[in-house]
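Welcome! Please take a moment to look over the sequence and the 3D structure before reading on.

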Amino acid sequence: MFNTTTKSMQWGEETLTLETGKVARQADGSVIATLGETSVMANVTFAKAPKPGQDFFPLTVHYNEKYYAAGKVPGGFFKREGRPTEKETLTSRLIDRPIRPLFAPGFKNEVLVICTVLSHDLVNDPDIVAMIAASAALTLSGAPFMGPIAGCRVGYEDGEYILNPEVSDMDQLRMNPDQRLDLVVAGTKDAVMMVESEAYELSEAEMLGAVTFAHEQIQPVIDLIIDLAEDAAKEPFDYTPPDYSALYEKVKAAGEEQMRAAFAIRDKQERTTAISAARDAVMATLSEDDLADANLGSAFKKLESSILRGAIIKGGARIDGRDTTTVRQISSQVGLLPRTHGSALFTRGETQGLVVTTLGTGDDEQIIDALHGNYRSNFMLHYNFPPYSVGEVGRFGPPGRREIGHGKLAWRALQAVLPAPTDFPYTIRVVSEITESNGSSSMASVCGGSLAMMDAGVPLKAPVAGVAMGLILEEDGSYAILTDILGDEDHLGDMDFKVAGTENGITSLQMDIKVAGITPEIMEKALAQAKDGRMHILGEMSKALTAGRTEFSAHAPRIETMTVPTDKIREVIGSGGKVIREIVETSGAKVDINDDGVIKIASANAENIQKAYDMIYSIVAEPEEGKVYTGKVVKIVDFGAFVNFFGKRDGLVHVSQIENRRLNHPSDVLKEGQEVKVKLLGFDDRGKVRLSMKVVDQETGEEIAREETAE
């Protein structure tokens with residue numbers, strides 16, 4: 001019934017298996033990839049003809065995690081998988097980015113890739129398995145895909161690179177001080193196509209070594225996919241790249257001069273208007289058949305690309321007048337918004353981010369329901385990219401894949417320098433509002449986020465800056481690396497290479513390649529040039545702020561932490577929460593108790609925090625022998641007085657310990673409700689508390705020297 005083909009290999013410490021022919025047989029390509037006990041099914045379908053007038057490549061990648069894969073039932077009311085999680089969205093982008101440039105030029109048929117996680121062993125992350133499965137399914141489908149690709153994850157611990165570290169090692173990297181890198185690399189047999197990472201101040205050499213290590217490790221996986229394709233691939237789809245050379249020559253002849261003049265304008269909005277006018281002028285000269293040609297957009301892009309790229313390669317200035325290594329003018333301001341906890345306005349050329357930091361309590365932590373278990377995050381970064389930032393009208397609503405991806409990149413860049421939660425017990429939310437954009441708004445979010453957190457008083461280990469690099473690579477091998485790229489240079493260039501970090505090293509690296517020809521030499525030079533740009537930007541940022549403020553905003557909460565023995569947690573909470581409610585109501589502070597005994601007390605009023613602290617301390621602390629306490633007489637008996645001196649603890653002051661003289665009865669000098677100073681002498685054989693008044697000055701509370709009390 002089934003014509004199944006299976007290929008396996010040993011990859012690192014696990015077995016990687018690719019299987020096709022058993023499920024989803026009506027898809028153009030279907031592969032189930034299994035690493036360890038993590039299995040992902042990738043199914044590929046593509047339209048056999050483009051839609052009329054289609055002028056772009058409609059590739060869609062969906063990565064879906066099914067909770068049954070880990071033996072879980074989804075949370076919430078509906079109990080089924082709903083809208084994509086952040087992890088699903090980011091993984092969809094992770095797969096899309098390396099495969100998109102590898103489709104044949106001019107191919108505009110719709111392609112759909114769906115990756116479904118079927119089994120998760122909680123050891124091997126399914127994102128890498130999904131990428132391999134998608135590549136294999138595309139290779140089998142017959143679509144004009146110039147792959148295959150493969151991907152892997154790399155860790156870095158004790159100076160050693162680790163292939164595909166376990167999920168537990170990489171989850172919340174900030175909590176694992178031994179692990180310094182979470183790097184995902186995808187590439188073909190000959191070239192790296194995509195890099196995504198978060199790191200802990202790695203040097204350029206260490207990062208380049210990790211990328212090189214990853215590219216070596218994916219080679220046998222690519223061979224395995226080729227081996228599978230030799231036995232199970234479908235006949236190649238009959239596709240011939242369109243020849244629009246004649247149309248291009250018409251466009252070039254009619255518009256090259258005006259287009260060159262438009263690209264010479266340095267102001268973005270004026271340049272955009274001039275380019276649009278040049279396009280309209282060209283289109284006015286074309287026939288109806290030329291205007292209806294689906295390749296007209298490609299012809300215009302080729303002309304624009306040749307103008308921009310040619311000027312740079314020939315040693316001329318870029319379209320805004322800079323050379324290849326200069327960063328645009330930078331302005332950094334902090335403390336703009338009076339009621340926020342921290343704010344910054346970071347402007348670099350025509351790219352600007354208004355970034356705001358809000359400090360919250362433990363109740364504000366984000367609870368993440370992941371396939372491998374639930375966990376909390378005390379650091380969030382949200383990125384917003386409204387249409388007005390590029391002078392356009394357009395969709396405005398919930399964040400899309402772009403917003404989620406750019407926000408996560410900035411999050412990765414900043415998380416490495418955050419203080420430990422035990423040292424800074426606040427939840428941190430950073431929001432980046434992109435108000436202008438002309439190249440690398442994600443890196444502006446990194447710079448602005450660093451400044452806004454320092455303005456809020458977050459004690460960052462070091463300021464962080466980011467810079468976007470570009471590449472122009474010609475067929476003859478000549479190339480130019482560009483620092484701080486513009487939007488047009490990103491759109492018409494061959495590489496988008498974003499590097500963020502501190503003075504000491506890289507904290508995040510993201511690279512997308514549009515051509516299969518990036519050599520280690522080019523990457524090494526790009527990293528070195530990016531370091532120079534990053535250092536310049538850090539210097540400009542330091543003019544506004546160099547470290548976290550020592551004082552919080554008056555509107556930010558104050559949080560104090562204390563740790564209590566875990567066996568005392570029940571006493572602090574009380575039956576049905578009675579005690580903790582009383583503490584909150586009496587003190588006016590918010591109290592959060594963790595299972596490990598860490599208690600966070602939050603309030604904008606320091607007195608409220610101290611009151612709650614004292615109430616909790618009186619419950620959990622034990623009285624110390626030899627210490628002086630202020631107490632209250634609660635009962636008088638013939639042989640002494642009982643004094644409540646420590647929380648609810650009472651102790652006996654024997655009649656001989658009340659004063660340095662003989663008393664007929666304790667009531668001669670004491671009465672119930674009277675406040676007294678007592679010293680804890682110790683505990684008798686039965687654990688009863690022994691107190692003394694006569695060794696303490698009742699006025700000052702100071703202990704009286706022994707010779708003064710001797711009789």
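## Domains

Please keep in mind that this is a predicted model. The protein chain is divided into domain 1 (5-169 + 180-188 + 200-232), domain 2 (244-314), domain 3 (330-543), domain 4 (558-620) and domain 5 (627-692). Taken over C-alpha atoms, the centres of domain 1 and domain 4 are 47 Å apart.

In soluble globular proteins, nonpolar side chains tend to be buried together.

Not counting residues up to four places away in sequence, phenylalanine 497 touches Val467, Ala468, Met469, Leu509, Gln510, Met511, Met523, Ala526 and Leu527.

## Two packed helices

Two packed helices are described by the angle between their axes and the distance between the axes. For H2 and helix H5 (residues 219-232), the angle is about 35° and the axes are 9 Å apart. The crossing of H2 and H5 is right-handed.

Which residues make the contact? On the H2 side they are Ile132, Ser135, Ala136, Thr139 and Leu140, and on the H5 side Val221, Ile225, Leu228, Ala229 and Ala232. Sorted by class, the contact of H2 with H5 has 8 nonpolar residues, 2 polar ones and no charged ones.

Methionine 541 lies in helix H13 (residues 520-541). Methionine 541 is buried, with a relative accessible area of 1%. Leaving aside neighbours within four places in sequence, methionine 541 is in contact with Ser332, Phe346, Cys447, Ser450, Leu451, Val464 and Ala465.

Glycine 640 is in strand S26 (residues 640-646), and with 0% relative accessibility it counts as buried. Its contacts, leaving aside neighbours within four places in sequence, are Leu652, Val653, His654, Val655 and Pro666. Glycine 640 and arginine 581 are 59 residues apart along the chain, and 36 Å separate their C-alpha atoms. Serine 305, in helix H9 (residues 296-313), is buried too, with a relative accessible area of 15%. Serine 305 touches Gly310 and Leu492, again not counting residues up to four places away in sequence.

## Backbone details in the loops

Where is the cis peptide bond? The bond joins glycine 147 and proline 148, with omega about 0°. Proline 148 is found in the loop between H2 and strand S7 (150-157).

Two further loop residues have a positive phi without being glycine. Serine 440 has phi near 55° and lies in the loop between strand S17 (427-436) and helix H11 (441-455). At 12% relative accessibility, serine 440 counts as buried. Aspartate 484 has a positive phi of about 55°, and its place is the loop between strand S19 (479-483) and helix H12 (487-492). Aspartate 484 is buried, with a relative accessible area of 0%.

How values were computed. Residues numbered from 1 in each chain as written. Predicted model: local features only at pLDDT ≥ 70, side-chain atom pairs only at ≥ 80, totals over all residues. Heavy atoms only, no water. Contact = heavy atoms within 4.5 Å. Domains from an automatic or database assignment. Axes fitted to C-alpha atoms, helices over the stretch in contact; angles between N-to-C directions. Helix = DSSP H or I, 4+ residues; strand = E, 2+ residues; numbered from the N terminus. Left-handed = near helix turned anticlockwise from the far one by under 90°. Nonpolar A, V, L, I, M, F, W, Y, C, P; charged D, E, K, R; others polar. Buried < 20%, exposed > 50% of the residue type's maximum accessible area, 1.4 Å probe, protein only.
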